[in-house]
Amino acid sequence: MKLNTREIKSFFYSQYFSDGLRISAGILLPSLLLLEFGMFNLGLTLSLGALCICVIDNPGPVLHKRNSMAIGNLCLFIVAVTTGFARLNVYTLGLEITLFSFLFSMFTVYGNRAASVGTSSLLIMIFMMDKALPASGVVAYSATILAGGVWYMIFSLVFFGIRPYRAAQQTLGENVADIAKFLRIKAEFYNPESDIDENYRKLVSQQIQVSQHQDAVREMLFKSRLMVRESTPASRILVLTFVDLVDMFEQIMATHYDYREMRDRFKDTGILNEIARIIHHMADELDDVAYIVLSNTRHRHVMDFNVELEKLKLKIDSIAKDQQENNTLVLKKVLINLRNLSEGINNIYTYYNSKTALKSTEVKGEVEYSQFVTHQDYTPHIFFDNLTLSSGAFKHALRVALVCLIGFITAKTVAQGGHSYWVLLTIIVILKPGFSLSKQRNYQRLIGTVGGGAIGILILSLIPDTTAQFIFLMFFMLGAYSFQRLNYVVSVIFMTPYVLILFKFLGVGLLNVAQERIIDTTIGSSIAFIASYLIFPTWEFEMIEETLREVVKANINYLVTIAESISGKIIDITVYKLARKDVYVKSANLSAAFERMTSEPKSKQRNIKEVHKFVVLNHILSSYISTIAAGLIKNAQRPHPEALRLIKKNIAVLNETNKKLHGTNIDFNIGKTASPLETDKPELTADEALLKEQLGFINKISYDIAKVTDSVLK
């Protein structure tokens, strides 16, 4: 019960609820205010403009929001005017729908924010196509829509201006919660009864969430001059917390060993269950940290891990008496990882519970942090370079254009209701660049529409009171926009009764509207689903080679950075962290591609078992590299020459794999490894022996990846 209460509270503190509140208020206020002055129709038009621009109001730096919403408003006006005149003739309207659907769908080449500008423009085109306006009133009506869009932009910017750090704080808190879930999955590897293969599946899936939220936090923090340059406690806490959080995630990744071998060796000692229990407690503490960050409150640090870890050390020492020292060294490494993780949790608690903790801590300059975020290129040549069938964005834009034309013809011939634009609206919402995403949205849209329609009919039939219905309208509207990025099915379930109640207030028949919405949604979903399969389809197996190549390249660069460091070359810690970030991001991209592949038709799932093996092997490889990096770079260990030779061998094997994937050879020069005389070779310490064993395991994984790559490419 406590957990459920905490989850509910966390939702109300989250960016999802904050977004829902802001969007709902921004759309509703013009209509409600002007209703008081008897100008409800004008208010509805302003709200329509706000509704279209809110699509662009995605998480990110305020500067990017402002620029994208400003461009969106310009497109909004142009499209509204064009559609207003084009609709006077059915053929010109069909031509406009086809051309604009292609043009604005091509905005995906400039990233997600530009794509949302394109979606906003297509929305106003759809809403205008059935608007009965004389030619003389088109410009004035379009200007009113523009005023609504400008109103929403100003409202949103003021909303963020009041609490400039809040959005970053919310995204950071959600990232902490994701890492807590990741840590719980890691704990299960130490449970002798758990399925290791199933744990890997869960782990790579959760890594996608962690990577996406980390990228969102980087955008918020490091693309904002306000966050990086200001020396206010709030900004410094956010930056320091995130830096520690990324290092903590590496510690979690670094707690990776040969779990099957560990189970065989220690399953009867009970030590593995003890490790799993402590890790679960640490995950609980991270959940508390997530709540602290989200709610901006102080919280008592409940668990003293020093006591728990000391008990664990004594148990490891007792096992060491019965076994050889080398046998328990892996347990001692796990203990060190857990201590580092505990220290990271303590640091974050200190940031939020001590006024003096930040006085001696400096945040590094903007130049360093700016390297950790990607910068979108908006030059025109990118658009024209993608005007080829080899471009996924071009195929997607062609598909959208053709399907929208089919949807328009269908809406004018088959769907004879007064709101036939719902067919096109459904198509725009459902059609995504990849088949799997389109398929997922299709099911979600249908389920949500039918379920939400039933709820709306029940409420309007059983609750005749107008005030109660309006309260429900606001509740459903808030729910629809709060869940639109969190859970699309729930969002549509809220959206449908909200629309039905709205049309009821506008004097449109209840059952007719509900029936029409469900029929039009079904028509639009069917057209979109068939089209995503038949018209310029994009399958994951066609792009998997590039995804594999990127992740192999990232792992090579990570190993090269480590090799250069331990061979004596001075490596800036930023270079190392950039290589680490690239591995995590590319690995998450690979995991996401595999998940999309599993939802495609069986006939299109080429070598899916081999791809899954590659995903798991890559996770093991990057985890082992993180394990080694944590010991070598952070603790400044100088390895035995044999270890350096093994690293070079691993790089060579991965380079061969990269060549098979049509990648270029990554050159590196770490000098010649010293070759002492046989009589001068020093004895390996316990740490060096474990390091050699781990590097040998990496070598085995590298060869396994090479073999799996051959199978994938068949």
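## The lining of the largest cavity

The lining of the largest cavity divides into 6 nonpolar residues, 2 polar and no charged. Here Ala, Val, Leu, Ile, Met, Phe, Trp, Tyr, Cys and Pro count as nonpolar, Asp, Glu, Lys and Arg as charged, and the others, Gly among them, as polar. The lining residues are Val 551, Val 552, Asn 555, Phe 614, Asn 618, Leu 621, Leu 654 and Ile 705. Helices α24 (540–566) and α26 (608–632) are the elements that give two or more residues to this lining. Helices (H or I, at least four residues) and strands (E, at least two) are DSSP runs, numbered from the N terminus.

The whole structure holds 1 cavity of 30 Å³ or more. The largest cavity has about 30 Å³ of space. A cavity is a set of points, on a 1 Å grid over the protein atoms alone, where a 1.4 Å probe fits but cannot get out; lining residues have an atom within 4 Å of a point. Grid points are joined across faces, edges and corners, and a volume is the space filled by probe spheres set on the points.

## Basis of the model

This is a predicted model, in which local features need pLDDT of at least 70 and side-chain atom pairs count only at pLDDT 80 or more, while totals for chains, interfaces and linings use all residues. Residues are numbered from 1 along each chain as its sequence is written, and side-chain values use heavy atoms, with hydrogens and water left out.

The largest nonpolar core has 115 residues, and Tyr 190 and Ile 275 touch the most other members. Its largest share, 13 residues, comes from helix α13 (residues 271–295). A second, separate core has 72 residues, including Ile 27, Ile 126, Met 129 and Ile 501. Such a core is a set of buried Ala, Val, Leu, Ile, Met, Phe, Trp, Tyr and Cys residues joined through side-chain atoms within 4.5 Å. Buried means under 20% relative accessible area, exposed over 50%, and partly exposed in between (1.4 Å probe, protein chains only).

What does Tyr 190 touch, not counting residues up to four places away in sequence? Its partners include Thr 255, Tyr 257, Met 262, Ile 275 and Val 334. Contact means heavy atoms within 4.5 Å.

## Helix α19 and Thr 426

Helix α19 (residues 421–430) is largely enclosed by the rest of the structure, because 10 of its 10 residues are buried. Thr 426 sits in this helix. Its relative accessibility is 1%, so Thr 426 counts as buried.

A polar atom of the Thr 426 side chain lies 2.8 Å from the backbone oxygen of Trp 422. Beyond its neighbours within four places in sequence, Thr 426 is in contact with Arg 445, Asp 520, Thr 521, Gly 524 and Ser 525.

## Tyr 498 in helix α22

Tyr 498 belongs to helix α22 (residues 488–505). Tyr 498 is buried, at a relative accessible area of 8%. Leaving out residues up to four places away in sequence, Tyr 498 touches Leu 473, Phe 476, Met 477 and Tyr 481. Tyr 498 and Phe 472 are 26 residues apart in sequence, with their C-alpha atoms 7.7 Å apart in space.

## Two loop residues with positive phi

Most residues other than glycine have a negative phi. Phe 536 is not a glycine, yet has a positive phi of about 45°. Phe 536 is in the loop between α23 (510–534) and α24. With a relative accessible area of 31%, Phe 536 is partly exposed.

Asn 607 also has a positive phi, near 50°. Asn 607 lies in the loop between α25 (573–598) and α26. At 24% relative accessibility, Asn 607 is partly exposed.

Definitions and conventions
A polar contact is a pair of N or O atoms within 3.5 Å; within protein, one must be able to donate a hydrogen and the other to accept it, and residues adjacent in sequence count only if both atoms are side-chain atoms. On a 1 Å grid over the protein atoms alone, a cavity is a set of points where a 1.4 Å probe fits but cannot get out, and a pocket is an open set with protein on both sides within 12 Å along at least five of seven lines; lining residues have an atom within 4 Å of a point.
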